[in-house]
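My entries follow in the order I made them.

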Amino acid sequence: MRDEAGTVEIALTFDDGFWAPCYATMRSICLTTHHPERLRFHLLHQQLTPAHRAALESIEHGYGARLNFIDLDAGNVLGERIAGFPRLRLRRFSKVIYARLFLADLIDPSIERILYLDCDVFVRTALDPLFFMDMQGHAIAAVLQPDRMHCIAGTDLKGRNAFSMADPYFNSGVMLIDMTQYRQVDFVATLERGLNAAELAMFYYDQDMINFCFKGRILELDARWNLQNAVPAHEAFNPAIVHYSANPKPWFIWSRVAFKRTYRHLMTNAYFYQYRRERVVRLIRRGLRLA
């Protein structure tokens with residue numbers, strides 16, 4: 001599949017606490033293509049304030065990219081779907097990350113292919129070669145998880161019946177998805193059919209679910225399309241996509257991550273420092289509630 005004149009469909013999921021990283025991700029994509037007007041962003045969001053929505057809308061006005069806002073709070077779309085999950089531990093992350101599991105229900109059914117991106121990525125090159133690549137019949141194309149042995153087996157690498165360390169295990173933060181095949185998968189039914197209660201209890205984030213439900217159907221991408229946990233020394237690798245997947249984020253004062261200075265200007269100084277202030281206020285309010 002290669003149609004350079006076609007639309008590049010991109011999906012991002014986030015809540016209001018990640019509005020500025022989402023803006024930075026979209027801006028990085030627009031800045032690194034000659035044709036931002038061919039981009040369409042599907043923004044699956046929760047609790048987005050009008051001011052933050054206006055900041056995101058500036059991408060459309062400034063670069064000509066199209067934005068499709070999908071409010072996950074409308075009609076409790078996400079809550080109803082998650083309620084249908086089997087006994088899974090969903091406490092670690094915000095529930096909004098599970099929206100990627102329901103792209104089949106939330107994205108226009110006429111869309112045949114979509115690129116899902118986490119909002120903590122910095123795109124440094126045009127995405128056309130990735131988006132229009134030959135997926136060779138696979139349902140998903142993704143990059144291996146660097147610490148996959150620990151993700152698969154956990155403490156003391158004891159192993160789990162759901163996964164084998166002899167098999168590949170992929171990061172779900174950058175995924176090129178064949179939506180025709182994705183729509184055919186019922187995550188809940190596949191998990192319940194293939195796992196007992198003890199194994200199900202170990203599933204606590206979407207990455208496990210995607211790797212299990214699409215085992216043998218994920219095409220391995222070169223690591224440059226999702227370079228994770230990069231520090232300044234990795235800048236020499238000239239990655240196509242930098243993924244700040246670990247706790248050190250480029251908007252943290254103390255973090256030492258690749259392209260940190262560039263990222264600040266990518267977010268723009270105004271939004272970068274506004275976002276920092278908002279995070280501090282949010283942490284203070286959270287502390288007061290817990291006190």
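The model is a predicted one. I began with helix H1 (residues 19-31) and helix H11 (residues 260-267), which pack at an angle of about 95° with their axes 8 Å apart. Which residues make the contact? From H1 I listed Ala20, Pro21, Tyr23, Ala24, Arg27, Ser28 and Leu31. From H11 I listed Tyr263, His265, Leu266 and Met267. By type, the residues of this contact divide into 8 nonpolar, 2 polar and 1 charged.

**Nonpolar cores**

Next I looked up the cores. The largest nonpolar core has 57 residues. Those with the most contacts inside it are Ile10, Met26, Phe41, Leu43, Leu117, Leu127 and Ile241. H1 gives the most to this core, with 8 residues.

I then checked what Phe41 touches. Leaving out residues up to four places away in sequence, Phe41 touches Ile10, Leu12, Met26, Ile29, Cys30, Ile59, Ala65, Arg66, Leu67 and Asn68.

**Strands**

Is strand S1 (residues 8-15) mostly covered or mostly open? I found it mostly covered, with 8 of its 8 residues buried. Val8, Ile10, Leu12 and Phe14 are on one side of S1, and Glu9, Ala11, Thr13 and Asp15 are on the other. Both faces are covered.

S1 and strand S2 (residues 39-46) run parallel and are joined by 8 bridges. Here Phe14 stands opposite His45 in S2. S1 also runs parallel to S4, joined by 2 bridges. Ala11 stands opposite Tyr116 in S4.

Strand S4 (residues 113-117) is mostly covered too, with 5 of its 5 residues buried. Arg113, Leu115 and Leu117 point one way from S4, while Ile114 and Tyr116 point the other way. In which sense do S4 and strand S7 (residues 174-178) pair? I read an antiparallel pairing over 5 bridges. Arg113 stands opposite Asp178 in S7.

**Arg148**

Last, I looked up Arg148, which lies in helix H6 (residues 148-153). At 28% relative accessibility, Arg148 counts as partly exposed. I also checked Tyr169, 21 residues from Arg148 along the chain. The C-alpha atoms of Arg148 and Tyr169 are separated by 5.9 Å.

Conventions: Residues are numbered from 1 along each chain as its sequence is written. This is a predicted model: local features need pLDDT of at least 70, side-chain atom pairs count only at pLDDT 80 or more; totals for chains, interfaces and linings use all residues. Side-chain values use heavy atoms; hydrogens and water are left out. Axes are lines fitted to C-alpha atoms, for helices over the stretch in contact, and angles run from 0 to 180 degrees between N-to-C directions. Helices (H or I, at least four residues) and strands (E, at least two) are DSSP runs, numbered from the N terminus. Contact means heavy atoms within 4.5 Å. Ala, Val, Leu, Ile, Met, Phe, Trp, Tyr, Cys and Pro count as nonpolar, Asp, Glu, Lys and Arg as charged, and the others, Gly among them, as polar. Buried means under 20% relative accessible area, exposed over 50%, partly exposed in between (1.4 Å probe, protein chains only). A nonpolar core is a set of buried Ala, Val, Leu, Ile, Met, Phe, Trp, Tyr and Cys residues joined through side-chain atoms within 4.5 Å. Two strands pair if DSSP finds at least two bridges between them.
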